[in-house]
Amino acid sequence: MSITCTRNKALLAVLMIMIAVLGRNIASQAADLSNANLPNPDSYYKLVILKDYTPETGFQFIARDNAPYGSWTHWSLPHTWTIWQLHRGLMAFDMKKDSALLWAGGSLTILSMLLLAFFVALAVVNVGSPLAAIVSGLAIASSPPLFGYGQLVQITHHIFMLVPVAAAAACFLRPNMQAGRVLDFVGGALLGLALWISPETMPLVLVFAAMRAAIRLQQPSSGVVWPVAVGLMLVMLVGWMIDPPPPTFPAWALDHISLAWLLFAAMLASLLLLTDFCIARKIPLPISLFQLALALIVLAIVWLMMVPGALAGPNGLIPSELRVLWYDRIQELQTVSEPSQWVAYLLLPFTSTSVLGYIAWRERSLWMLVLALSALIYGVLGASYIRMGAAAALVSVLAFGIGIGKFRAFKDIQNKTLPMPEQIMGAVLVLIIPLQVFGAMGLAYFENKSDIK
């Protein structure tokens with residue numbers, strides 16, 4: 001009896017896989033969450049902000065370190081506000097406030113992982129195949145970088161901020177790339193929301209905006225991209241009005257929604273409008289690419305020159321005294337150094353770059369090339385800063401799923417005439433998924449690590 005893998009069945013399978021994996025995580029960490037035994041100090045900071053909320057003053061971004069002379073907390077409101085609303089729902093069932101805050105925060109992280117897998121699978125099934133979408137779900141379920149932040153005991157925004165990016169990808173990657181202004185507007189708004197949640201998503205926002213522009217350039221029938229620009233700017237302006245930089249943060253703060261990110265969004269929107277202009281004027285593709293690349297370089301230089309401290313990079317956000325005394329103790333800001341980490345953080349990015357890069361060359365697809373190169377760049381960033389590993393995993397899984405979805409082995413599983421080399425290649429690609437987990441665990445064992453879970 002043949003089994004037909006349809007779009008809806010694939011999405012349901014991904015959800016079931018993630019529910020099983022996340023359910024096991026909930027069962028194993030429920031006691032730690034209830035006892036507030038949290039591995040990330042940022043989780044406690046988030047809980048303190050939530051506990052100090054009052055209807056009169058709202059969330060208090062007050063000095064926490066060496067008060068009143070120390071650093072101010074700076075997280076944006078979307079993640080904090082969402083936890084607050086969830087905790088109110090839990091308190092309606094007679095749960096005490098402290099427990100409700102803990103479970104609201106942990107549950108939001110779990111829900112974010114579930115939504116992340118769904119939206120990635122939706123994007124893959126739109127332009128790839130149902131079987132490839134299932135494999136992408138397995139890749140997320142077995143990604144060490146994603147589950148570093150995607151656990152029940154992580155009450156942080158690191159997975160939450162990736163959900164709107166994945167949803168935007170599902171909006172842009174439509175079946176047959178048909179036009180859809182509403183979806184483009186929603187996709188642009190989601191990119192703005194991601195940037196509002198955390199400026200760490202800036203490279204991701206640039207990647208997916210560039211991918212949508214590339215689709216427009218090669219396939220004009222995909223529709224205009226000005227709705228993407230409108231959605232992006234609208235959400236950024238709303239975020240600026242609702243959630244401006246807190247006290248002691250300058251108007252150009254790099255680690256909060258500020259003039260720096262309004263300027264970035266405006267520049268990105270102008271590039272999207274320039275894309276529409278090139279198509280409207282019927283400018284040849286090579287010349288359009290040259291104009292857009294030149295404009296991107298000029299605007300990047302202008303942004304770096306205008307924004308104070310931008311040239312200092314991520315390290316510039318850490319006070320000099322903390323950099324001397326504490327930087328080496330911040331594990332998430334370190335580079336991958338052990339063989340087990342190289343497998344966990346770089347196997348999938350390099351594989352997805354190779355797979356999708358080959359498909360991009362075979363199909364002469366500009367947007368696939370953009371995504372493949374982005375997976376490579378993010379893989380390098382993830383190796384340089386462990387903190388970037390979750391975002392690198394998102395881009396890599398998306399590229400991997402789309403790439404394998406173009407192979408015949410993943411398009412028609414019932415095809416018995418498929419040549420043996422293609423069947424072997426399909427099996428090898430699927431084995432990459434468990435290898436990133438068990439390969440890393442095996443190497444960690446020989447590295448004499450005391451904690452390899």
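**Exercise 1.** In this predicted model, the second largest cavity has a volume of about 50 Å³. Determine which residues line the second largest cavity, how they divide by class, and which helix gives the most to the lining.

*Solution.*
Step 1. The lining consists of Ser143, Pro145, Ala344, Tyr345, Leu348, Pro349, Gly389, Ala393 and Gln436.
Step 2. Sorted by class, these residues comprise 6 nonpolar and 3 polar, with no charged residue.
Step 3. At least two lining residues come from each of α14 (339-363) and α16 (389-404). The greatest contribution is that of α14, with 4 residues.

**Exercise 2.** State how many cavities of 30 Å³ or more there are, and describe the volume and lining of the largest cavity.

*Solution.*
Step 1. The count is 2 cavities of 30 Å³ or more.
Step 2. A volume of about 60 Å³ is found for the largest cavity.
Step 3. Its lining is formed by Tyr149, His158, Met161, Glu200, Thr201, Leu204, Tyr378, Arg387, Met388, Ala390 and Ala391.
Step 4. In this lining, 7 residues are nonpolar, 2 are polar and 2 are charged.

**Exercise 3.** Locate His256, decide whether it is buried or exposed, and identify the backbone oxygens that its side chain contacts.

*Solution.*
Step 1. His256 belongs to the loop between α10 (226-242) and α11 (259-280).
Step 2. The relative accessibility of His256 is 1%. Buried means under 20%, and therefore His256 counts as buried.
Step 3. A polar atom of the His256 side chain lies 3.2 Å from the backbone oxygen of Asp243.
Step 4. The His256 side chain also reaches the backbone oxygen of Pro244, at 3.4 Å.

Terms used. Residues numbered from 1 in each chain as written. Predicted model: local features only at pLDDT ≥ 70, side-chain atom pairs only at ≥ 80, totals over all residues. Heavy atoms only, no water. Buried < 20%, exposed > 50% of the residue type's maximum accessible area, 1.4 Å probe, protein only. Polar contact = N/O pair within 3.5 Å; in protein donor to acceptor, adjacent residues only side chain to side chain. 1 Å grid on protein atoms, 1.4 Å probe; cavity = no way out; pocket = protein on both sides within 12 Å on 5 of 7 lines; lining within 4 Å. Points joined across faces, edges and corners; volume = space filled by probe spheres on them. Nonpolar A, V, L, I, M, F, W, Y, C, P; charged D, E, K, R; others polar.
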